[in-house]
Amino acid sequence: MFVLDDLFVNPFLSLVDILQTMALDELYDTSEIRDQIKENQLLYEIGDRPADEYERRKQELEAQLRTAEQIRDQMRDRMEIKN
Amino acid sequence: MTPAQSQARAQLSDGRYVYCVVDTTSVPSASVGETTGIDDETVRVVSVDGVGAVVHDCTSVYDADDIDQVKRWLVTHQQVVDDVSDVFGTPLPMRFDTVFAGGDSALTDWLADTHPRLRTELDGFAGCWEYRVTLLWDPQPFEAHVTATDDTLQALEARQAEADAGTTFLLEKQYDARLAERRRARRSALASDLSAAVEPVATQVASQDTTTSLRDESVSERHTPIARLAVLAPETDESALGSQLDDIAARDGVTIRFTGPWPPYTFAPDICTDEPNQA
């Protein structure tokens, strides 16, 4: 819950810190979200997940993926790691 | 929460969510383009004498327990700021969830009342952007080098080989203290060198707390942030700033994270509360 905590509880924390950290997280989370989408699909197909739960989870994960990809697009030309 | 937000929570029939303030002197305020705002709202510019607030109409403030929803809002907020920056140049950023009650008339009153201040700030930041620099350090290569070359450490190690158990314990404490002293000195030197490297191309530099609560999964656990700088610099000096960082990044154990350009979040005042922003 870092976004809520930092943005609303600590209102002086700047937006760029949060976006930057979200980008760092999401860059590494994208494949995990894709895996969860596959898992949800498989659970539904073998009958371990009811249709309504499958649909709800599918929408949730797809929204997460869109956000992650949007963040990645925003940061693509903005972040450089030098070492 | 800003005074404007407090008022908005109480009565918000004709709200204006404000993304940022831009200079509309040389670009018509209608040129905001195709960008869409939070929740696909239509973005427009309300302008008074060359100073424009980038807004969408709203009937509530943006507050949610759903973290993914908040993430989407934040990303869209930044996307709008990016899009209008491409058109109008460096904006004065506003805090996320800055909402004015009272429709366009309240907003134009505010723009008129604060116009001299907004104009001064816009002119002051024109062409400049914020860059973030974080120096992360893995001390292992340095420790390997210093244990092999530091005379004091080598002498302490040699004495340990011939000492009894009690003396060895004390020598180990001295060894650890000496190593920690060298480590601290190295951290301090790297932080100073980083500041010196960015100074020639920076208009302003703000040192930031390295103990952020925000997670960082991009580097190994051995890497610790030892310096975080917000750097305000002309856009034309972005490459020069990056080059300045290359020398620091080439040192053993050092990783530099360089991001930007960003609106001057750290350096622009919080216009609604009239306080400087803090990062």
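Let me begin with one residue of this predicted model, namely B:Asp193, which at 29% relative accessibility counts as partly exposed. Its side chain meets that of B:Arg251 in a salt bridge, with 2.6 Å from N to O. This pair links distant parts of the chain, since B:Arg251 sits in the loop between α8 (238-249) and β9 (254-262) of chain B while B:Asp193 belongs to helix α7 of chain B, 58 residues apart. B:Arg251 is likewise partly exposed, its relative accessible area being 27%.

Helix α7 of chain B, which spans residues 165-198, also holds B:Arg182, and the side chain of B:Arg182 forms a salt bridge with that of B:Asp150 at 2.4 Å, N to O. Here B:Asp150 comes from the loop between α5 (140-149) and α6 (151-162) of chain B, 32 residues away from its partner. Is B:Asp150 buried or exposed? At 4% relative accessibility B:Asp150 counts as buried, whereas B:Arg182, at 26%, counts as partly exposed.

Let me turn to another pair in chain B. B:Asp57 and B:Arg44 form a salt bridge whose closest N and O atoms are 2.8 Å apart; because B:Asp57 lies in strand β3 (residues 51-58) and B:Arg44 in strand β2 (residues 44-48), the pair ties together parts that are 13 residues apart in sequence. These two residues also belong to a network of salt bridges that links them with B:Asp14, B:Arg16 and B:Asp104.

To place this in context, chain B is divided into domain 1 (3-126) and domain 2 (130-262), whose C-alpha centres lie 40 Å apart, and a search of the whole structure finds 22 salt bridges over all chains.

Key: Residues are numbered from 1 along each chain as its sequence is written. Chains are lettered from A and ligands numbered from 1 in the order in which they are written. This is a predicted model: local features need pLDDT of at least 70, side-chain atom pairs count only at pLDDT 80 or more; totals for chains, interfaces and linings use all residues. Side-chain values use heavy atoms; hydrogens and water are left out. Domain bounds come from an automatic or database domain assignment. A salt bridge is a side-chain nitrogen of Lys or Arg within 4 Å of a carboxyl oxygen of Asp or Glu. Helices (H or I, at least four residues) and strands (E, at least two) are DSSP runs, numbered from the N terminus. Buried means under 20% relative accessible area, exposed over 50%, partly exposed in between (1.4 Å probe, protein chains only).
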